[in-house]
Amino acid sequence: MLVNAASTSFFYPPTPIKPNSVGKSFTKASLPFTANINPNFNGFNVKNIDKRNSRFSCLCHPPAASDCEEVGAGIGIHDFFAGKNIFVTGATGLLGKVIVEKILRSTLVGKVYLLIKARDEEDAFNRLNCEIISSELFMCLKEKYGKSFEEFVKAKVVAVVGDICQPNLGMDFESIESIRKDVNVIIHSAACTTFYERYDLIFDINVVAPQRIMRFAKTCNQLQLFTHISTAYVTEREEGVVLEKPLNMGGFDVADEISLLFKSSPNNINENFFKKLGQQRAKLLGWSSTYQLSKAMGEMCLNEMRGDVPLLIIRPACIESCYREPLPGWIQGLRTLGPVIISYGKGILPAYYANPQVPLDIVPADLVANTTIAAIAKHGNGHVAQQPAVYHAANSLENPITWFDIFEYLYDYFKEAPLIEDAKISKVKFFDDFDEFSKFLREEITKNNGGSEDRKMIRRCNAKAEYSEQLCKMYEFTGFFKPRFHTGNTKKLIQEMSNEEKLDFEVDVKNIDWKMYFHEIYVPGVAKYAIN
């Protein structure tokens, strides 16, 4: 069912979002030890922020086009998106939301159809209003259009009641016919990003659902491009420098995984069984997590079944908070580094299980969104290439930052203002042996808490240590990850962009100052948008 914004106002008091209507993410409630944050630690505290000249609290716009030395035709991003109709899944998620905001703010797009999981029209509109349009991320857009913002949104945004895990994407006949007739570009961003989700659920979302969307794409009369948001870590089984090329089935058979799930489902309804099954299959087939395995299978299936549908695959590494726009530091929930930052800032992570010289591939959300938009403009000509176009959004070759660098920046930040008063912040000691790491971690946490023999204190110290151990185990693959992601296609994209496009759609990770990013943008952003 289509929910055209023109029929409703975005400015009535929003209905509270029901917990089960929102996608899973790390939250304050789901992370142990996020309570008792130092009350003096906040996004606008003079001691913590102003001293570091934080940039995240100000609205940020790209430099004006007049600042360019020359303006060439470039890729033609503005020309391509003018009047185009876009169908987006996953618009309530971090990256999907940033992509939608950027398209609305920086292009003359036609309609933007957002597939939203909802019970009915009212629920879909409520989620559109509360989770997307009313998000602080859209402040720049509101500032740009002022009093005409509501009219602008009504003209551009259409909420579509649907569900990627249902036949026909859960859409009614009216929605299917309208989108099928109008849509020019599909951006599939919806996914389950929980690393160790139960295998049957994540398989349906990350493997089967993309196939449903591709089947729908084949019926769209005006479709010029299908864009699939994947992850760089689908290539984990490769070694050395990983090139931007599509995955192929090789000796891998997704049908075997479907058969396995069918055989398991009638006899085993225990959630832990399916979680363990996913982890076992991932390890056996060469991936670190069920998430990476499922995203790899999703890519393979799309490439196999695409036929004459032009396919673009965007593979971001770890997506973190916005770097420059629309709000530096903005982030939704806690991503890969968020829990690490909070644990370290509270003094419960004096050691880390990783190789300190291994770079972590992290990319700000706005750069990933801009890469996606620029690549769509380049490849959205309707031409069916022999192979799908693949873009890595990563930094380990172009502007690397190691685990050692990250913890040095965090130490410099938190030694003056820890998240908890009297928390002991020390430089991290790295381990490549988990047992040695665990022993040192527990000793340090006990020592930092006075070495008390009180049973209650011992239980608290053990709980903190267990959480830190689980955290390091969850991100173990990033701490010892050997492959590096080639970004040749992204570099070609940058070369083809005009100076004006480079300013309006920042893509180049080489322009990131990591120390400034952590001290003035990322850590304050986590405090403001994730903790607070």
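Strand S2 (residues 86-89) pairs with S5 in the parallel sense, over 4 bridges. Two strands count as paired if DSSP finds at least two bridges between them. Helices (H or I, at least four residues) and strands (E, at least two) are DSSP runs, numbered from the N terminus. The model is a predicted one: local features need pLDDT of at least 70, side-chain atom pairs count only at pLDDT 80 or more, and totals for chains, interfaces and linings use all residues. Residues are numbered from 1 along each chain as its sequence is written, and side-chain values use heavy atoms, with hydrogens and water left out.

Buried means under 20% relative accessible area, exposed means over 50%, and partly exposed lies in between (1.4 Å probe, protein chains only). In a regular strand the side chains alternate between the two faces of the sheet.

Salt bridges were assigned next. The criterion is a side-chain nitrogen of Lys or Arg within 4 Å of a carboxyl oxygen of Asp or Glu. By this rule the count comes to 21 salt bridges. One of them joins the side chains of Glu131 and Arg127, at 2.7 Å from N to O. Both residues lie in helix H3, 4 residues apart, or about one turn of the helix. Glu131 has a relative accessible area of 10% and is therefore buried. Arg127, at 4% relative accessibility, is buried too.

A salt bridge between Glu398 and Lys491 has an N to O distance of 3.3 Å. This pair links distant parts of the chain, 93 residues apart. Glu398 sits in the loop between strand S12 (389-393) and helix H13 (403-414), and Lys491 in helix H17 (residues 488-496). Glu398 is partly exposed, with a relative accessible area of 23%. Lys491 is also partly exposed, at 34%.

The side chains of Asp412 and Lys415 form a further salt bridge, at 3.9 Å from N to O. Asp412 has a relative accessibility of 27%, so Asp412 counts as partly exposed. Lys415 falls in the partly exposed class as well, with 46%. Elsewhere, a network of salt bridges links Glu101, Lys102, Arg105 and Glu325.

A cis peptide bond joins Glu325 and Pro326, with omega about -10°. Pro326 lies in the loop between strand S9 (318-320) and helix H11 (338-345). Most residues other than glycine have a negative phi, and most peptide bonds are trans.

Positive phi values occur at Leu169 and Asp422. For Leu169, phi is near 60°. Leu169 is found in the loop between strand S4 (157-161) and helix H6 (173-182). With a relative accessibility of 1%, Leu169 counts as buried. For Asp422, phi is about 70°. Asp422 has its place in the loop between H13 and strand S13 (429-431). Its relative accessibility is 72%, so Asp422 counts as exposed.

On the surface, Asp120, Glu121, Glu122 and Glu174 gather in a patch of negative charge. Patches are made of residues with over 30% relative accessible area and no salt bridge; like charges are joined within 9 Å, and nonpolar side chains (Val, Leu, Ile, Met, Phe, Trp, Tyr) within 5 Å. Lys and Arg count as positive and Asp and Glu as negative, while His and the chain ends are not counted. The place of a charge is taken as NZ of Lys, CZ of Arg, CG of Asp or CD of Glu. Glu121 belongs to helix H3 (residues 121-133). Glu121 is partly exposed, with a relative accessible area of 35%.

Helix H17 also holds Thr490. Thr490 is buried, with a relative accessible area of 7%. The C-alpha atoms of Thr490 and Ala374 are separated by 9.6 Å. Along the chain, these two residues are 116 residues apart.

Terms used. Areas by Shrake-Rupley, 256 points an atom, 1.4 Å probe, with all protein chains shown as cover.
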